Amino acid sequence: MAYPADLKYTKEHEWIKPDGGTASIGITHYAQESLGDIVFVDMPKVGTELTAGKTFGSIESVKAVSDLYAPASGTVTEVNGDLATAPERINKDAHGSWLVKLKLKDPAELGSLLSAADYEKFVAEEGGP
Amino acid sequence: MSALEATTPNIRKTALNAVHRQMGAKMVQFNGWDMPVEYPSSGGIIAEHMAVRTAVGVFDVSHMGDIRLTGPEALGAVQHISMNDASRLAIGQAQYSALLYPQGTFVDDVIVHRLAEDDYLLVINAGTREKDFNWVRDNTREFNCRVENISDDFTQIAIQGPRAAELLETLTDARLGEVRFYWVTRGTVCGLRDILIARTGYTGEDGFEIYVPADEGTSARVWNQILQAGAVACGLGARNTLRLESRLPLYEHEISDTINVWEAGLDRFCKMAKPEFVGREALERARTAGVKRTLVGLEMVERGIARDGYKILADDGREIGYVTSGSPAPFLKKNIALAYVPPEFSREGSTLKVEIRGQGVAARVVPTPFYKRPKKG
């Protein structure tokens with residue numbers, strides 16, 4: 001799996017795609033693959049303040065529940081409503097299925113996240129694909 | 001034994017372990033066994049679950065254990081250690097039953113097969129193999145019968161689904177049409193003579209469990225022939241969602257050493273008309289006293305999935321019970337759960353709350369099994 005170079009990644013298997021002062025957040029291909037069939041996403045409401053490294057929701061497959069961790073701090077400006085009725089889209093296209101969009105508090109926070117190459121290496125060490 | 005050996009968990013593998021890995025199965029540890037939880041090549045848990053409900057799936061269930069009781073007093077021994085009435089079994093017939101502690105709680109649930117005149121086979125759970133065998137051996141010492149742990153002799157393969165018979169018929173000379181549900185036969189399967197074929201399973205569907213020699217080559221050959229005949233490989237993930245939709249209990253969840261037969265709602269498999277069996281006296285007293293909790297089926301009304309161990313709350317927020325098993329139900333397309341609650345909260349149609357991440361989420365008490373397979377018309 002090639003991880004897109006325009007995204008940044010966390011060790012908790014989220015991605016963030018910056019776009020000026022805002023960014024979209026999702027989970028990685030590796031995360032969706034380990035979870036299996038995704039059936040439920042519990043997401044924050046618009047206006048919620050997220051803190052980098054803290055949980056902001058959860059994602060559930062048939063067999064497991066996983067917390068979602070914010071890759072960066074900011075305010076939720078949009079929630080992907082399509083995922084409420086079709087969470088399986090994340091399995092089909094993890095890097096194209098954003099969960100929430102954020103107005104970033106400090107875009108410099110993204111500097112500490114993993115690049116695509118670093119993340120790929122990290123996943124390989126975890127025994128993943 | 002060195003200290004290292006003593007602390008290193010001994011993970012057990014079935015004879016099909018290498019085959020599962022070659023197929024790219026996701027493996028998990030289950031009760032000390034390295035088992036496939038799902039096969040991405042089959043499409044994952046939901047696809048596997050649907051294959052069993054609508055066509056046919058195949059499971060490696062070799063982690064299950066087998067205890068054989070033979071000899072002149074084998075029936076007496078089985079009657080003493082199990083709650084169902086094995087004297088009703090014809091040769092070739094099987095029954096769901098359980099081994100109980102003197103307190104009326106569960107050592108394990110089992111399927112008792114009567115293979116011959118004085119020859120009984122108990123199929124037991126993976127996590128309780130040693131405990132069960134020791135318990136059976138210790139509690140049958142007064143009977144003139146031989147007790148053998150033959151768990152490692154077999155690769156046990158479950159072929160499950162409405163098309164299971166059709167599939168297995170292409171691989172065997174046994175007359176499967178004459179074998180009713182919960183009966184066994186013997187026949188040649190994939191060229192192997194005298195294979196035990198039981199029309200049993202843990203999915204709520206029609207299906208068979210076959211017991212083939214446990215060597216890796218034979219096991220792999222049989223497994224692959226079943227796949228080639230059109231079965232979808234299924235893992236423990238689908239096995240769990242299938243059994244939950246059908247309200248089949250899982251040890252350490254719906255039944256355990258602290259839960260009794262009445263609480264678990266397994267009354268119809270417990271034959272109190274039998275004069276004696278381990279646990280009977282305690283159950284007699286418990287029946288008079290009445291149960292403090294009972295197992296109910298729940299269907300989530302609000303958004304959310306109940307999971308094992310989540311709390312059940314009354315309307316006023318008071319904690320009244322807990323979820324024993326909870327999951328999305330792939331065939332029913334609902335979020336369902338089994339839970340223990342006090343009897344006054346068990347009325348069908350009433351609403352309870354499941355605590356999910358600190359929030360009370362509404363669920364309705366519904367009749368079980370959640371899923372019942374359609375009768376052949």
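In the predicted model, strand S4 of chain B, spanning residues 65–70, pairs with S7(B) in the antiparallel sense over six bridges. Within this pairing, the bridge partner of Asp66(B) in S7(B) is Val123(B). S7(B), which comprises residues 119–124, is also paired with strand S6 of chain B (residues 106–116), again in the antiparallel sense, over five bridges. In that pairing His113(B) stands opposite Leu121(B) of S7(B), and S6(B) and S7(B) form a hairpin with two residues between them. S7(B) is mostly covered, six of its six residues being buried. The covering applies to both faces of the strand, with Asp119(B), Leu121(B) and Val123(B) buried on one side and Tyr120(B), Leu122(B) and Ile124(B) buried on the other.

The size of an interface is often given as the accessible area lost when the parts come together. For chain A and chain B the buried area is about 1300 Å², of which 52% is given by carbon and sulfur atoms. Across the interface, ten residue pairs are found in polar contact, with both residues of each pair at pLDDT 80 or more.

Side chains of opposite charge can pair when their charged atoms come close. A search of the whole structure finds 30 salt bridges over all chains. One of the salt bridges joins Arg53(B) and Glu205(B), with a distance of 2.9 Å from N to O. Arg53(B) lies in helix H3 (residues 45–54) of chain B, whereas Glu205(B) lies in the loop between strand S11 (192–198) and strand S12 (207–213) of chain B, so the pair ties together parts that are 152 residues apart in sequence. Both partners are buried, Arg53(B) having a relative accessible area of 5% and Glu205(B) one of 4%.

Two further salt bridges in chain B involve residues that are exposed or partly exposed. Arg146(B) forms a salt bridge with Glu148(B), in which the closest N and O atoms are 3.3 Å apart; here Arg146(B) is exposed, with a relative accessible area of 53%, while Glu148(B), at 21% relative accessibility, counts as partly exposed. The side chains of Glu319(B) and Lys311(B) likewise meet in a salt bridge, at 3.9 Å from N to O, with Glu319(B) exposed at a relative accessible area of 51% and Lys311(B) partly exposed at 36%. Elsewhere, salt bridges that share partners join Asp42(A), Glu60(A), Arg307(B) and Arg357(B) into one network. Across the interface of chain A and chain B, four salt bridges are found, including the one between Arg357(B) and Glu60(A), whose closest N and O atoms are 3.1 Å apart.

A further local feature of chain B concerns Asn260(B), which is placed in the loop between helix H8 (236–245) and helix H9 (261–264). At 12% relative accessibility, Asn260(B) counts as buried, and the side chain of this residue reaches the backbone nitrogen of Trp262(B) at 2.9 Å. When residues up to four places away in sequence are not counted, Asn260(B) touches Gly104(B), Thr105(B), Phe106(B), Leu283(B) and Ala286(B).

Conventions. Residues are numbered from 1 along each chain as its sequence is written. Chains are lettered from A and ligands numbered from 1 in the order in which they are written. This is a predicted model: local features need pLDDT of at least 70, side-chain atom pairs count only at pLDDT 80 or more; totals for chains, interfaces and linings use all residues. Side-chain values use heavy atoms; hydrogens and water are left out. Buried area is the accessible area (1.4 Å probe) that two parts lose on being put together, summed over both. A polar contact is a pair of N or O atoms within 3.5 Å; within protein, one must be able to donate a hydrogen and the other to accept it, and residues adjacent in sequence count only if both atoms are side-chain atoms. Buried means under 20% relative accessible area, exposed over 50%, partly exposed in between (1.4 Å probe, protein chains only). Helices (H or I, at least four residues) and strands (E, at least two) are DSSP runs, numbered from the N terminus. Two strands pair if DSSP finds at least two bridges between them. Contact means heavy atoms within 4.5 Å.
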